[in-house]
Amino acid sequence: MTEQPRLAKQHAAVLLPEPFIKWFGEKGWSPRAHQLELLAKAQAGQSVLLIAPTGAGKTLAGFLPSLTELANRPRRKAGMARRGIHTLYISPLKALAVDIERNLGKPVEEIGLPVTIETRTGDTPSHKRQRQKLAPPDILLTTPEQLALLIAAGDARRFFEDLRYVVLDELHSLVTSKRGHLLALGLARLRSIVPGLQTIGLSATVAEPDELRRWLVSQNPPGDMADLIVVTGGAKPEISILDSEERVPWAGHSARYATPEIYREIKRHKTTLLFVNTRSQAELLFQELWRVNEDTLPIALHHGSLDVGQRRRVEKAMGENALRAIVATSTLDLGIDWGDVDLVVHVGAPKGASRLAQRIGRANHRMDEPSKAILIPANRFEVLECRAALDANYLGAQDTPPLVDGGLDVLAQHVLGCACGAPFRADDLFEEVLTAAPYASLDRPTFDRVIDFVATGGYALKNYERYARIRLTKDGMWRVSNPRVAQQYRLNVGTIIEVPALNVRYVKAGSKGSATRGGAVLGKIEEAFLETLTHGDTFMFAGKVLRFEGIRENECFVSNAPGSDAKVPYYGGGKFPLSTYLAEQVRAMLDDPQRWKKLPEQVSDWLRYQADKSVLPKRDDLLIETFPRGNRHYLVAYPFEGRLAHQTLGMLLTRRLDRAGARPLGFVATDYALAIWSLGDMGAMFKARKPSLGTLFDQDMLGDDLEAWLADSWLLKRTFRNCALISGLIEKRHPGQEKSGRQVTVSTDLIYDVLRSHEPDHILLQATRADAATGLLDVSRLADMLSRIKGRIVHKALEQISPLAVPIMLEIGKMPVNGEADETLLMDAATLVEEAMGPGMVEE
Amino acid sequence: MNFSLARASLIAEADLVGIAGERAVCDPRGVLYFPDLRLLAVSDLHLEKGSSFARRGALIPPYDTGATLLRLQAVIADYQPSIVISLGDSFHDGGGAGRMHQSFREQLEALMVGRDWFWVAGNHDPDAPADLPGETVRELAIGSLLFRHEPSKVRLEGEISGHLHPCARIVQQGRSVRRRCFAGDGGRMIMPAFGAYTGSLNVLDRAYAGLFRHETLMAYMLGAARIFAISGSMLRPG
């Protein structure tokens with residue numbers, strides 16, 4: 001699709017206004033072919049998806065249509081009406097919008113264009129927002145949440161009526177989430193206001209570009225797609241796997257063994273970016289590096305829980321090339337270009353080939369120079385995964401998660417937002433919503449139920465008519481019933497739900513925070529983790545070892561705890577499951593001894609032992625091993641489908657094994673395998689076909705068993721909470737007060753219990769189940785797996801543990817089984833009391 | 001023993017708790033029953049909390065009143081008390097009784113038939129509930145027991161109260177369990193909230209300061225089918 005350079009030059013003269021050509025000339029550059037191609041398509045009235053690697057000049061390409069048009073626009077004469085926004089730029093990150101303002105401002109100034117560029121984010125002061133409403137800039141750089149707010153304002157039509165382009169940056173990361181659903185609905189709204197609106201999507205390489213192409217344009221007619229420009233090439237990255245002189249551990253995620261080797265690489269390079277998968281890994285690696293940092297190199301830490309000020313300081317230092325290394329999580333994942341990074345180190349397995357490509361893109365963001373990256377596997381399975389990821393990267397494989405249908409909770413939020421902006425007719429809004437790709441297959445009855453939900457809660461018991469938030473008036477229009485509704489909507493807009501977290505604040509040791517107001521805030525930690533701490537416990541956070549002093553209101557007080565023995569914070573968020581694509585690659589590698597040659601010797605030896613003692617699973621088979629150990633019997637399965645799917649599978653299998661009389665005691669799941677232990681001899685049971693493994697792993701487990709287990713699961717409650725907040729059932733914030741998670745006055749768990757027993761088909765429960773199936777439970781992936789392995793289960797009854805089983809067996813007892821707070825703990829505690837005080841201790 | 005066999009089967013001697021010399025059952029469903037008095041106490045029903053929120057724009061499910069009454073119906077059916085004391089905050093706000101759906105009102109009235117029913121005034125519902133039978137009192141003394149909504153600041157032997165919605169938390173093996181609970185020290189007892197939408201407050205919170213004798217504080221945590229008696233020294237804040 002890319003054209004010859006000579007052609008491009010002739011092209012440029014036709015497409016680009018004179019000052020642009022001059023500017024390119026002065027810089028000694030020439031416009032790239034894809035930049036001109038995009039410009040030509042845009043000028044021809046098309047919406048376009050541009051897929052290009054980092055460093056390909058994507059941003060300039062995206063803005064060229066706007067800049068050239070604005071350059072040719074007649075100047076506004078005194079007395080002419082103010083013009084509205086010309087171009088809207090939307091990015092997933094505030095920081096990215098700020099970054100673009102800087103990067104775009106430069107050429108605009110140098111070319112001498114009469115173009116105003118401004119950002120509008122949650123950080124924009126209200127006087128500036130007010131002013132933007134009266135005197136809009138030509139180009140507004142903003143986020144999906146701000147767009148939702150602008151649409152919900154009474155002056156939305158006037159504000160957007162001159163809009164020509166919407167530029168959507170990092171589109172691949174936006175479309176896979178609920179933010180993407182909200183944004184798609186916002187775009188549909190904008191298209192209604194401005195029928196000729198053009199969109200330009202900028203994206204990294206994705207597996208299914210057509211999904212994004214549909215996303216960019218109205219789905220009326222259905223299936224319509226934006227034009228596509230793909231820029232291939234870029235220098236191949238140089239990626240290696242650390243071939244450690246140390247022993248690679250069987251299990252665990254710390255990669256501590258490699259610290260000296262990582263440090264050596266940092267010393268050898270100018271600036272090293274170190275990526276890890278979770279915040280706790282980041283904390284740990286940072287500590288470990290400083291422990292060996294004999295040269296006191298400037299090594300910094302960056303993750304989403306740290307205080308904003310702290311993060312900005314790190315980013316600034318990075319931009320000034322004042323740092324030698326930064327340990328980071330996904331907060332630095334997206335396309336922000338800072339400083340001269342010449343090495344990316346990825347600690348732990350990358351979990352997905354696309355993610356790996358994206359992160360490596362950070363190094364050396366000149367497209368024509370190869371990026372350099374080193375993968376550090378934390379354990380032996382991760383060695384396999386890293387190898388697979390590496391092969392996949394060279395194959396150019398991609399594994400963006402498939403797009404899912406738009407959430408009904410998001411739709412509810414949007415409906416209320418529309419009503420806050422202007423009265424609407426249900427028929428018109430339904431038509432409009434269908435043009436948004438995620439909602440293209442929405443049916444009318446469901447839409448009507450959403451409206452009903454927004455109005456009165458949508459309950460079968462019609463008790464709330466008098467409290468309706470929106471009402472159908474005689475003219476057939478839905479209107480907000482009072483201004484307070486709009487005020488509340490504005491405070492609660494968006495789909496990002498924060499896990500309840502507390503500020504972490506310094507105090508003097510032993511003060512419990514009661515006497516002093518305390519010192520600096522270090523960041524936020526999830527409440528669930530803090531609850532497991534008791535006074536005097538130590539943990540790692542913000543690169544320090546801290547002592548827990550106590551909790552007061554919404555703050556957690558800590559003091560410095562010199563010394564190094566610390567509990568590591570356990571974070572619920574930030575752990576990605578192994579991607580389907582990589583899982584397949586790992587299975588293929590196990591099945592192909594030829595490929596083991598590329599693996600470090602200690603790892604290939606391990607696989608050979610496995611082949612010797614048990615068997616290695618064929619690519620499409622599921623290997624099940626059973627063996628006795630101690631006074632228990634173990635079942636280990638190797639589906640390689642990721643932790644979430646394995647957890648769900650574990651829950652369901654233990655229920656079934658219990659019914660079959662195997663007396664299961666517990667299970668543990670990793671990204672690669674699942675282990676269940678029991679009192680009964682499962683190996684003997686399978687041999688006697690009581691039950692057979694085929695029956696045990698039958699797909700029907702996703703029916704009643706799933707339903708029964710789900711109903712009480714904390715997973716569903718957590719999902720329900722998100723849906724309740726996004727849909728506006730309960731508020732994230734109420735005028736005049738900011739609530740912490742704990743203070744949401746009625747617990748969503750209680751609401752869930754009541755709603756489930758009284759109206760199990762309520763639309764919000766429907767939305768919750770749909771979310772859970774794709775999200776926390778990964779049911780769809782499990783379903784695919786169960787159908788794949790039908791008739792392909794290989795059972796190996798062993799006398800003892802196999803080499804392949806060692807890693808997961810080491811996880812037993814280490815991993816907390818999440819959330820399911822059970823009564824056995826209470827029983828233990830109560831028994832202790834009884835032992836200490838004797839029975840009947842309370843009789844007086 | 002002067003209660004019927006049906007009720008006797010519910011009560012094992014070991015489950016009885018002493019409060020100022022009276023014997024009581026802490027039922028895991030969150031009610032307190034005095035077999036010798038045939039008296040059932042329940043606290044903080046917060047009926048019509050859902051509609052109270054709806055008035056202010058949060059349209060949470062309108063089924064809380066029904067859910068709470070259903071559970072109340074079950075315990076009353078089990079114990080067949082001759083006296084029921086609702087220990088205040090029976091309705092989430094003063095208008096609650098007036099907003100109650102007709103079917104719920106009938107359900108509640110049916111429960112009241114044939115027994116003495118006392119509405120103790122609470123801070124949410126200081127006045128008698130509109131158009132409902134039963135006697136509204138500020139506090140009620142029966143034998144050595146005193147029933148009132150808010151625990152008094154001075155330590156009173158035999159005081160049964162609610163208001164604070166106690167819960168307790170323990171940590172075992174790095175994991176945390178939080179449950180609603182009865183909190184008592186042998187002298188006074190604070191009852192858990194019974195309503196379907198009622199939250200809870202840890203017994204170690206400042207709000208409880210000075211209410212209990214620390215040495216004898218017990219939290220009777222509500223399990224699915226039994227009570228777990230946990231001594232105060234094992235409890236965690238938060």
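**Briefing on chain A**

A:Leu50 stands opposite A:Ile229 in strand 7 of chain A. The model is predicted, and chain A contains 33 helices and 27 strands. Of the 844 residues in chain A, 49% are buried.

**Strand 1 and its partners**

- Strand 1 of chain A runs parallel to strand 7 (residues 227-230) of chain A, and 4 bridges join the two.
- Strand 1 of chain A also pairs in the parallel sense with strand 6 (residues 198-203) of chain A, again over 4 bridges.
- In strand 6 of chain A, A:Leu202 is the bridge partner of A:Leu50.
- In a regular strand, side chains alternate between the two faces of the sheet.
- From strand 1 (residues 48-51) of chain A, A:Val48 and A:Leu50 point one way, while A:Leu49 and A:Ile51 point the other way.
- All four of these residues, A:Val48, A:Leu49, A:Leu50 and A:Ile51, are buried.

- In helix 12 (residues 259-268) of chain A, the buried residues are A:Thr259, A:Ile262, A:Tyr263 and A:Ile266.
- Viewed down the axis of helix 12 of chain A, these buried residues fall within an arc of 100°, so they line one face of the helix.
- A:Arg264 and A:Arg268 are exposed on the other side of helix 12 of chain A.
- The helices against which the buried residues of helix 12 of chain A pack include helix 13 (279-292) of chain A.
- These buried residues of helix 12 also pack against strand 9 (272-275), strand 11 (325-328), strand 12 (343-347) and strand 13 (372-376) of chain A.

**The five-stranded open sheet**

- An open sheet of 5 strands in chain A has the order 17-16-20-19-18, with mixed pairing.
- Strand 17 (521-526) and strand 18 (538-541) of chain A are the edge strands, each pairing on one side only.
- From one strand to the next, the twist averages 45°.
- Strand 16 (residues 501-506) of chain A runs antiparallel to strand 17 of chain A, and 5 bridges join them.
- A:Arg505 stands opposite A:Val521, a residue in strand 17 of chain A.

**The surroundings of A:Pro639**

- A:Pro639 lies in the loop between strand 22 (632-637) and helix 24 (643-659) of chain A.
- A:Pro639 counts as buried because it has 25 C-beta neighbours inside 10 Å, the cut-off being 20 or more.
- Leaving aside residues up to four places away in sequence, A:Pro639 touches A:Leu622, A:His646, A:Leu674 and A:Met785.
- The C-alpha atoms of A:Pro639 and A:Ala673 are 6.1 Å apart in space, although the two residues are 34 residues apart in sequence.
- Across chain A, 74% of the contacts between residues at least 6 apart in sequence join residues at least 24 apart.

**Confidence in the model**

- The pLDDT of chain A averages 83, and 83% of the residues score at least 70.
- Confidence in chain A is highest in helix 18 (residues 426-434), at a mean of 98, and lowest in strand 26 (residues 737-738), at a mean of 44.
- Residues 735-744 of chain A have a pLDDT below 50, and this stretch has 14 contacts in the model beyond near neighbours in sequence.
- The pLDDT is also below 50 over residues 815-821 of chain A, a stretch with 8 contacts in the model beyond near neighbours in sequence.
- Where pLDDT is low, the predicted coordinates should not be read in detail.

Notes. Residues numbered from 1 in each chain as written. Chains lettered and ligands numbered in written order. Predicted model: local features only at pLDDT ≥ 70, side-chain atom pairs only at ≥ 80, totals over all residues. Pairing = 2+ DSSP bridges. Axes fitted to C-alpha atoms, helices over the stretch in contact; angles between N-to-C directions. Buried ≥ 20, exposed ≤ 12 C-beta atoms within 10 Å, placed from the backbone. Contact = placed C-beta atoms within 7 Å. pLDDT = per-residue confidence, 0-100. Arc of directions from axis to C-beta.
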